[in-house]
Amino acid sequence: MNIKLKIMGAMLLACALFPFVHQAQNQPAQPGRPAPTPTPTPTLGLEQGYLEFDTPEFTLKLVKASQTIAALQPKGGNGFDFTPADRLERRASNGHYHLGDLTIRVRKGNTGEWKEYSTTTARKPVNALSASGQTLAAADLSPTLPEDCPVQITRSWVVENGKLALRYELKNKTSEPLQIGALGIPMGFNNHITGRNLQQSHEICSFSDPYIGQDAGYLQVTRLKGNGPALVVVPESKTPFEAYQLLNEPMRPAQTFEGTFAWMAHSQAYAENEWKGVEQWNTPTSATLAPNASRTYGVRFLVTDEIRNIEKTLAANNRPVAVGIPGYVLPQDIEGKLFLNAKSKVASIVAEPAGAITIRKDKPTSKGWQAYTLSGNTWGRARLLVKYADGNQQAISYYVIKPSAQAVADMGNFLFTKQWFVDPNDPFRRSPSVMSYDREADKIVSQDSRVWIAGLGDEGGSGSWLAAAMKQFGQPKREEIAKYEQFIDGVLWGGLQYKDGPNKYGVRKSMFFYSPADVPGFQYDPSLNWTTWTSWKKADAESIGRGYNYPHVVAAYWSMYRVARNHEGLVKNHAWDWYLEQAYQTTKFTFSRNADNRNRRRVGYVELGLMEGDIFLMVLQDLKREGWTEKANDIEALMKERTERWKREAYPFGSEMAWDSTGQEEVYAWCDYFGYDDKAQVSLNSIIGYMPTVPHWGYNGNARRYWDFLYGGKIRRIERQLHHYGSGLNAIPVLSHFRKHPEDDYLLRIGYGGTMGALTNIDREGFASVAFHSFPSTLKWDPYTGDYGPNFFGYALNAGTYVINHSEFGWQAFGGNLKRKGDWISVTPLDALRTRVYLASRGLWLTLDAGRFEAVEVNAKTGAVRIGLANATPETPQARLRIEQPAKIAGVGNYRLREQFKQEREAFVIALKQGTTWVELSNER
């Protein structure tokens, strides 16, 4: 959901690449306005100067008075700093956390209340201690802790074997045992986008992604631009990564600042209080210090030359590395693979809850990776707990789902039953339609003060009917299509979208609005706050000016065109060409100009990359295939104009937000289409910067989003969203690029992680949530459907089975089950659609406009390919097969069907039969 924040002032178009969050500090008072907030008193001691060190991997600067980090610059980074060094003066007051601070909760004995202590609450200069040898600087932190703190904390900065480390020694000063119930190490890196334009943000700022994996956990810090050095923070001195906690600072999180987080080595004190009753990623722990006893905690800082090499850097530093295939979302009909690389042997590996995942040990790989085959049994969250012979533990978080095809079918059923809204007397003319849903209340959201959610508009309100459209594209079902036709003819065309007049083909912002005078007799819910900007009046709701609304409508028409064109008797109200015409006309209107208004765009934000913008490329390709040349030329010209603009921009994916992970998808698509490879690569690199691969289902392939709960969720707050629509959408360009560069399996891993992440949102009955709440106080799916639709759009456009021959792991399938018999590799596709298969070793992309793949086989020696097509059905008596080779691989020629088949719209038409229909491809060099 991409509606402006009030704190950002007026919406800014793409030409303005400086959409700042308003900063009140240090601004003069103006008549009629309150005086600006005074700058807090600095207490960090910057005026006392700095300590500077040159280490093998970093240029390090510490604040002399506090011995917290003032700068952390990797060697070879051309002055780049992982910390917000240029904001240090703004963050020099009490309450702001820096690298080197610490927060703890302790109690005497093992009962009673926890007492919290932090080095930031009332800062005073620390007592510097002598430093020599490997120790760069050391200090007793007692002066900056309350006098009643029962723990003496000594902190040291150390370089050991060339690696920078931060260590804390905690000593019990009392004569009684002390229980440490929480210990948090603040991870203060530069995610401060506030006040920076896009270019500055990408050059200066970083994002942090946690692997909350206990002793094997780590935090990766990557540049927004996605290339250059990355930082990996790993534990030492038995400092497990148990939880990841947002810290409370004077500077509150906002759309341009995600906040500062702490690496929690212990969390029992929170689990007994703020997190009570919430299932955590790991079992919360505490530690007990005997009288006068000490314990050391710490982290180490590793540098890797690029994001793709994070795992290599971990292995080179004797850290455990886990690689899951196809990732950490495990459909119940797929055999997953897990590979572990550690200096110590696996002593045991168990699933929690017991039996949730069946684990079978396989032979180690040629280089000693320990291998396992996994089968998911119990739906929902699960984890594998790996215990190594050296005593370390590793937690790997999985999500077990129903077979993908069943999960999507369940979603379709839920959308067209529980979410099917019928009320002929609805004054807002929303009936019949697929509407937003509240899982907590188990009812349709017919009213919300954020009017778009109940108004079928924006992403938060369009999400459900968009998901319904893409479900029909991928899994058409007669009864559901009949209802969707009612929605198109009764609500979409002529309601949400104008069907006549000067705004014909324009899309309204919302069908629902707050204007009591315009709907006499309608009772607005008095418990809701209708006084804010989110409660649009009728005129605001009728505006056609928000470009982000248009791809949803185009996708609805295009999906129905595809169903009508490729299947028989399912779509009845209009012929296929009506739907394609609607998609074309809506696309043309979206990017049109108003001759009566200085030739300005009629719709706002269309200079930007739009979410689901790939739909315009799909429409263009189908216009060409249908021979609608003039209309195809219209669309191509409109897109070329936009792309020419992006070509001139350093980072061409602005948004109505100051920073966003929305525009990269479409910008990549058109830059790639028109051959602007450099800008396509810039977009791809940006995605790599915020879409990690880590052994955790929630973060693996999860494109960063952290503000859309405000606009599409029921629990409204700034919070990292797990598998919001960024996951599905950003996977589209990532996998597209992989198909052109199959040697880069890193792209496959993050892209497939994002694609599968979109299915975790679907619960056992088919309800699909906007996203998962990552705060440890919550850790659950949001009750609203919200803007899930774009996420499923990404899945529907991307779902497929990928077959690779990995240099270490051998033949593997992402999205299916694979077997080898002699030279023949056979894969059974098990993604929800079963219409796409990519054979990476051959660069061969097989897709079906109609029909389903039952099996695909490739000969590892000769490259011959056999394709098994599923049964004919009354709706689909013929398959339509496309054969493409996006990657040029040495020694691989052109693939051809051995038999002669008629071609229509660039697809081979193959008559299906009862039982499997087999066709063969030859490789002509």
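Buried means under 20% relative accessible area. The views below come from a predicted model.

**View 1. Strand β11 and its burial.** Strand β11 covers residues 206–211, and six of its six residues are buried. In a regular strand the side chains alternate between the two faces of the sheet. On one side of β11 lie S206, S208 and P210, and on the other lie F207, D209 and Y211; these residues are all buried, and both faces are covered.

**View 2. The hairpin of β11 and β12.** Strand β12 (residues 218–223) pairs with β11 in the antiparallel sense, over six bridges. Within this pairing, S208 has V221 of β12 as its bridge partner. Six residues lie between the two strands of the hairpin. In the turn, Q214 has a positive phi of about 60 degrees.

**View 3. An open sheet of three strands.** The strands are arranged in the order β1-β2-β3, and the pairing is antiparallel. Each of β1 (50–54) and β3 (69–74) has a single partner strand and stands at an edge, so one side of each is left without a neighbour in the sheet. On average, and with direction ignored, neighbouring strands of this sheet are turned by 10 degrees against each other. Strand β2 (residues 58–63) is joined to β1 by five bridges.

**View 4. Helices α10 and α12.** Two packed helices are described by the angle between their axes and the distance between the axes. Helix α10 (residues 576–590) packs against helix α12 (residues 629–647) at an angle of about 30 degrees, and the axes are 10 Å apart. Angles under 35 degrees count as roughly parallel, so α10 is roughly parallel to α12. The crossing of the two helices is left-handed. From α10, the contact involves E581, Y584, T587 and K588. From α12, the contact involves K631, D634, I635, L638 and M639.

**View 5. Helix α17.** This helix runs over residues 745–760 and has 16 residues. At 1.5 Å a residue α17 should span 22 Å, and this agrees with the 23 Å between its end C-alpha atoms. Of the 16 residues in α17, 15 are buried, and the helix is mostly covered.

View 6. T847 belongs to strand β39, which covers residues 844–850. T847 counts as buried because its relative accessibility is 9%, and the cut-off for buried is under 20%. Leaving aside residues up to four places away in sequence, T847 touches T835, R836, F853, R880, L881, R882 and E884.

Technical notes: Residues are numbered from 1 along each chain as its sequence is written. This is a predicted model: local features need pLDDT of at least 70, side-chain atom pairs count only at pLDDT 80 or more; totals for chains, interfaces and linings use all residues. Side-chain values use heavy atoms; hydrogens and water are left out. Helices (H or I, at least four residues) and strands (E, at least two) are DSSP runs, numbered from the N terminus. Buried means under 20% relative accessible area, exposed over 50%, partly exposed in between (1.4 Å probe, protein chains only). Contact means heavy atoms within 4.5 Å. Two strands pair if DSSP finds at least two bridges between them. The expected span of a helix is 1.5 Å times one less than its number of residues. Axes are lines fitted to C-alpha atoms, for helices over the stretch in contact, and angles run from 0 to 180 degrees between N-to-C directions. Angles under 35 degrees count as roughly parallel, over 145 as roughly antiparallel, 65 to 115 as roughly perpendicular and the rest as oblique. A crossing is left-handed if the near helix is turned anticlockwise from the far one by less than a right angle, and right-handed if clockwise.
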